[in-house]
Amino acid sequence: MLENTLIGLVVKNASEMPDDVAMREKRYGVWSPMTWRELQENVQRFALGLLALGFEEGNSLAIIGDNKPEWIIAELGSMAAGGLPTGAYPDSLADEMAYLISYSNARFLVVRDQEQVDKILVIWDKIRDNVEKMIVWDSRGMSHYYGEYPFLERFEKVLEIGTGEEQSQKDYLLKKAEKIDPTQPAMMLTTSGTTALPKLSVLSHENLIFSCESFGEVVKMEKGDEILSAAPLSWIGEQMFNVTRFLKAGAHYNFPEETETLRKDLLELQPFHFGGTPVVWEFLISTIQAAMDNADFVKRYFYNLAIRTALKCTEANLADKNAGHWNRILNRILSFLVLRPLKNKVGLGRVKVAITGGGGISPEVFKYFKALGLDLRQVFGQSECGGIATTHKGDDVRPETVGVSIPNVEVKLSEDGEILVKGKNVHLGYYKNEKATQEGFTKDGFLRTGDAGYFGEDGHLYVFDRAKDIMTLDDGTRFAPQDIETRLKFSAYINEAMICGGNRPYVTALVSIDLENVGNWAKKRGISFTTFQDLSQRREVYKLVQEEIRKINERFPANIRINRFAILLKQLHPDDGELTRTRKVRRKFVNERYNALITDLYQFRKQHDLDIEIRYEDGRISTFKGTVAIEEVYA
Amino acid sequence: MAMTAAKRDVLLEIENLHLSFGGVKVLNEINLSVKRGDLFSIIGPNGAGKTSLLNCINMHYRTQHGGITFDGEELNGLKPHAVAALGIARTFQKVELFQGMTVLDNIKLGRHFLMKLSFLGSFLRLPNIVRDEIKHREEIEAEIIDFMGLSSFRYSPVGILPFGVRKRVDMARALAMSPKLLLLDEIMSGMAVEEKEDIASYIMDVHRDLRVTIIWIEHDLAPVMDLSERVCVLNFGTKIAEGTPDEVQKNSQVIEAYLGRQK
């Protein structure tokens with residue numbers, strides 16, 4: 001019974017292994033543990049503290065901040081108090097937070113530190129009717145705030161109030177855990193919002209635990225496995241694959257010191273399971289490649305030899321072919337001597353199974369990590385289906401597919417090719433949006449994912465792209481822009497890309513370069529530059545990108561090759577609304593913003609005078625002007 | 001002798017201070033008193049004697065004349081390290097850190113004189129020495145590295161860090177001495193706007209949350225006027241004004257020193 005709710009799992013683990021480590025946080029330079037008993041106490045105290053402060057059953061609570069144990073305590077605590085938690089991305093702009101807070105009807109906010117408090121204070125007038133208290137868990141440098149803003153409360157204070165309440169309600173959490181109905185809402189998570197403002201998907205305990213169990217039949221997480229909290233906690237990926245799984249399996253959930261120390265912390269911890277969006281994997285490759293570019297000749301030679309051999313063997317394996325004796329032996333040796341240490345250096349040395357999800361990954365990126373010896377598997381899912389519907393099973397891994405449906409989940413296609421999902425992992429509905437909820441289901445009760453795809457002969461699901469995003473050229477050729485984009489982004493020099501070509505004669509691309517890698521490349525060649533803008537418009541950089549695109553073009557049929565491209569003067573950024581917070585291109589928005597530039601791409605102009613509005617991280621707005629060159633790509 | 005209440009409030013008192021190098025008069029008849037908990041700024045044009053005044057306070061320069069009292073003790077005649085031991089720490093205009101050492105090691109050095117060390121004890125790593133070291137390390141982590149937002153640079157050599165971060169490390173090193181009085185010497189010079197905003201918030205945090213009295217020398221007027229409680233203006237080695245930022249801004253001599261005389 002207890003194992004059917006998230007709160008129940010906390011109670012169960014705390015009674016079965018009270019002194020085992022539940023979570024660790026790197027604080028003051030050391031990994032400080034929190035046992036299951038302590039976690040249970042904190043959750044109970046936070047719940048009682050909330051109730052004492054006026055929080056009522058059925059209220060919502062929004063959490064804003066980086067990944068820290070307090071996030072989990074606040075989340076589980078509000079659940080235990082009968083509330084409905086939700087989370088915002090810590091780097092969201094004030095306006096985005098205002099939207100989420102009003103939409104979720106949050107009565108209480110839990111935020112990390114001064115940075116978020118300052119953001120919320122800007123929008124306070126918009127949300128003050130709804131929000132009663134803002135609880136802060138890291139009050140560094142904020143002593144003068146508390147006198148000034150009476151609605152602020154310290155996290156420690158809430159726990160303290162809870163400790164007082166605890167005297168009369170010793171077994172609050174246990175009783176609560178026995179009462180909670182697993183089919184009732186547990187949390188609300190934002191949808192990705194590539195096409196519109198994000199909605200909140202309401203998930204029940206059952207949804208999450210079912211997803212976790214079903215995925216667990218494919219990939220098992222053991223008691224005591226180390227995992228690292230790296231993806232945003234407001235994202236289903238982190239909530240399902242890490243939070244729910246760690247509760248279910250009794251694993252050790254570790255929190256980095258700061259977002260900036262994530263890479264060092266990953267290296268120290270060497271987790272057993274690791275997952276990320278394609279952006280994370282692309283980022284890892286970029287750092288490895290950049291490091292290798294700067295390495296000495298011998299290292300570079302052996303790295304290149306090792307990765308080439310490993311890729312050959314991986315590709316042969318995936319195609320069920322034989323790579324040949326010599327390659328196999330060489331691969332064994334080089335993997336042991338070169339790739340294994342490299343994997344350790346990245347922090348993935350102990351990973352049993354790694355997953356990628358939340359968007360299409362380029363087959364090159366995928367194969368690269370397979371070659372490195374990582375058991376990487378794709379997951380297809382979204383908030384609305386508990387984060388997972390299909391995944392690769394065992395050795396049956398193919399880079400172009402997202403695998404097969406997980407046990408007890410039904411996946412099929414609608415007549416026009418939309419992927420449909422049915423199972424206990426499918427959410428209860430969208431918060432306060434009955435219409436969208438109903439539109440999200442077919443007549444026979446399947447969830448519409450909004451993604452298009454097809455089943456291959458091998459039974460694997462192939463995902464095209466967002467169904468709405470498929471483009472048609474003037475000559476009638478249909479293509480998925482994301483396919484080309486993911487391949488472009490595989491280049492170490494290209495950070496983001498957007499493909500245009502819908503109702504146009506040919507395909508073009510807007511590209512933004514990777515500042516670090518292109519910067520290093522330029523320095524080595526003695527090309528001087530001042531700013532990102534300056535670097536992006538250098539002739540040499542255009543040549544570099546042109547060559548990269550030409551190589552990628554070779555992989556596509558002639559009619560959907562990139563014809564012309566322009567390098568953007570700034571990186572595409574979520575603050576400017578160009579990407580979602582999970583770093584997916586918001587096509588419609590970028591199309592509108594760069595409309596004039598895109599038009600010029602089709603007018604045989606050599607350059608374009610750009611004039612757009614941009615936002616700084618602190619919310620200031622200014623206009624941004626500059627000249628963008630337009631180049632052609634020759635076959 | 002019982003101190004009066006007003007006297008006890010004063011942390012640093014400078015009376016009739018003169019400093020000259022040969023025939024050059026650097027400081028002339030300076031009188032100042034800094035209260036406990038003040039954020040006190042000293043401003044003035046180039047060569048007004050601001051840094052010289054700081055050098056006098058931590059006894060790096062010997063004054064010809066006049067006395068400095070800190071927390072009821074005469075500083076005159078003390079060596080700089082003895083002044084530091086009394087609780088006066090400072091940062092430097094041109095960051096004086098060990099470039100090849102890590103951030104953590106640089107900060108630990110600031111702590112060094114608070115540690116109970118002995119040659120033999122450290123050599124043999126006696127338990128009490130190890131305990132003492134761990135205690136100090138914990139304090140450094142919690143009160144300084146975390147407080148100054150340096151956790152992501154803990155093991156980076158100072159030499160590879162951007163200038164703004166180095167200044168923060170310099171400040172952290174000074175804070176590691178658990179000072180009663182912190183002297184900041186043009187901490188914002190050479191910084192970009194964003195770095196200035198950053199360091200300003202750290203100065204405010206140190207002042208407010210750690211309750212350290214601060215004497216802050218700065219060339220740039222805007223942040224000083226925004227943040228300080230009291231401001232003193234020097235020109236050609238002489239104090240020409242003292243008061244709240246508002247009072248000082250209206251002072252005709254100050255306007256003249258900064259903008260020149262109106263014809």
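Colleague: Which residues is Lys50(B) in contact with, leaving aside its neighbours within four places in sequence?

Modeller: Two residues are in contact if their C-beta atoms, placed from the backbone, lie within 7 Å. Here Lys50(B) touches Ile42(B), Gly44(B), Ile217(B) and Leu234(B) in that sense. This is a predicted model: local features need pLDDT of at least 70, side-chain atom pairs count only at pLDDT 80 or more, and totals for chains, interfaces and linings use all residues. Residues are numbered from 1 along each chain as its sequence is written, and chains are lettered from A and ligands numbered from 1 in the order in which they are written.

Colleague: Is Lys50(B) buried or exposed?

Modeller: Count the other C-beta atoms within 10 Å: 20 or more is buried, 12 or fewer is exposed, and in between is partly exposed. Lys50(B) is buried because it has 25 C-beta neighbours inside 10 Å.

Colleague: Where in chain B does Lys50(B) sit?

Modeller: Helices are DSSP runs (H or I, at least four residues), and strands are E runs of at least two, numbered from the N terminus. Lys50(B) belongs to helix 2 of chain B, residues 50-57.

Colleague: How many helices and strands are in chain B?

Modeller: Chain B has 11 helices and 10 strands. Of its 263 residues, 37% count as buried.

Colleague: What does the C-alpha trace of chain B span along its principal axes?

Modeller: The spans are about 70 × 50 × 40 Å.

Colleague: How far apart are Lys50(B) and Ser156(B)?

Modeller: In sequence, 106 residues. In space, 32 Å from C-alpha to C-alpha.
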